[in-house]
Amino acid sequence: MNVKQYHLHKAYPEKLQFEVYSLNEYRNKNLDKASVPHSHSYYQIIWYFDGEGTHNVDFKTYKIKPNTILFISKDQIHSFDDNLAIEGWLIHFNESFFMHTDVDIFLKYNIFKSHQNPLYSIDYEIIQTGKSYISLIQKELKERHQFGFEDVVRFLLKSFLINLERIHQKSTEKKIVHNNIYELQFFKYKELIEDNYNKGLLVNEYARLLHISSKTLTTITKTIVGKTPSQIITERVVLESKRLLKFTSLQIGEIAFRVGFEDLSYFIKYFKRHVGTSPRSYRTSISQ
């Protein structure tokens, strides 16, 4: 068993790297694909209008209620339930469409990397605001020949996400401010880990890529999330290892290699030290 990964316009880079779909129409068009655990190389926003159900993301099952929005980051493994009748929107976009400014880095790591709470409940005011943005986006998508239409779609998407982030900030005690220099450096560090976690880079190598010292990087990560740089690297490696153990039938040695270990015995010791059980025992426990 291997997890299927889907792409958005991969063979057509000249196309707009953004699309909006009717959730109901999309689900019925892709009957079996969406209900089987899969991942994307792009970002996905799922806005449920009505109905109730569940949605599986990595190792958690989230309860879906009317007017909830779920954020699926690229490479996350997820699946829909069997409710094909539920109405809503699916928004897909590639990183190349989205990532242009420091605000984008902030939104990416505060919304799409919020593994603790990727599900937002929205009130009437945000529903109306969001529908206005989507309506304007759909209008632009019908007039793709118009001057600057891609920028208009991008700005509308960002405005929509900023409004959703305001909801998130109301529900959390710690407010992350995107123009704080430490926080921007932290998000850039997370970005580097995402690109390199399977290459076995050390903390000092990441610090060098950020043009700062290892000591400064430690100060940054401890200030922002109370963790050392190496702890954050470990969390990403362990997350990917768990995904591969749960959602694929790859041999333990193949998994070790995929997450950057050439020595299988060292990977087993590493996994056991951080998870509390061996990779094989973990796989057995989650398959029961």
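Guide: Happy to; keep in mind that this is a predicted model. Let's start with a strand pairing: in β7, Ile69 is the bridge partner of Trp47.

Visitor: What makes β4 and β7 a pair?

Guide: Pairing takes at least two bridges. Strand β4 (residues 43-48) and β7 are joined by five, so they count as paired, and they run antiparallel.

Visitor: How do you know that β7 pairs with β10?

Guide: The cut-off is again at least two bridges, and β7 has three to strand β10 (residues 119-121), in the antiparallel sense. One of the bridge partners there is Ser121, which sits across from Thr68.

Visitor: Why is β7 called mostly covered?

Guide: Five of the five residues in β7 (residues 68-72) are buried. That goes for both faces: Thr68, Leu70 and Ile72 on one side, Ile69 and Phe71 on the other.

Visitor: Why is Ser241 called buried?

Guide: Buried means under 20% relative accessible area. Ser241 comes in at 1%, so it's buried. This serine lies in helix α9 (residues 229-247) and touches Ile255, Val259, Phe267 and Phe271, not counting residues up to four places away in sequence.

Visitor: And which residues have the most contacts inside the largest nonpolar core?

Guide: Phe18, Phe93 and Leu161, in a core of 31 residues. Helix α5 gives the largest share, seven residues. Leaving aside neighbours within four places in sequence, Leu161 contacts Ile45, Phe71, Phe98, Leu107, Ile111 and Phe112. A second, separate core has 29 residues, including Ile233 and Leu244.

Definitions and conventions:
Residues numbered from 1 in each chain as written. Predicted model: local features only at pLDDT ≥ 70, side-chain atom pairs only at ≥ 80, totals over all residues. Heavy atoms only, no water. Buried < 20%, exposed > 50% of the residue type's maximum accessible area, 1.4 Å probe, protein only. Helix = DSSP H or I, 4+ residues; strand = E, 2+ residues; numbered from the N terminus. Contact = heavy atoms within 4.5 Å. Core = buried A, V, L, I, M, F, W, Y, C linked by side-chain atoms within 4.5 Å.
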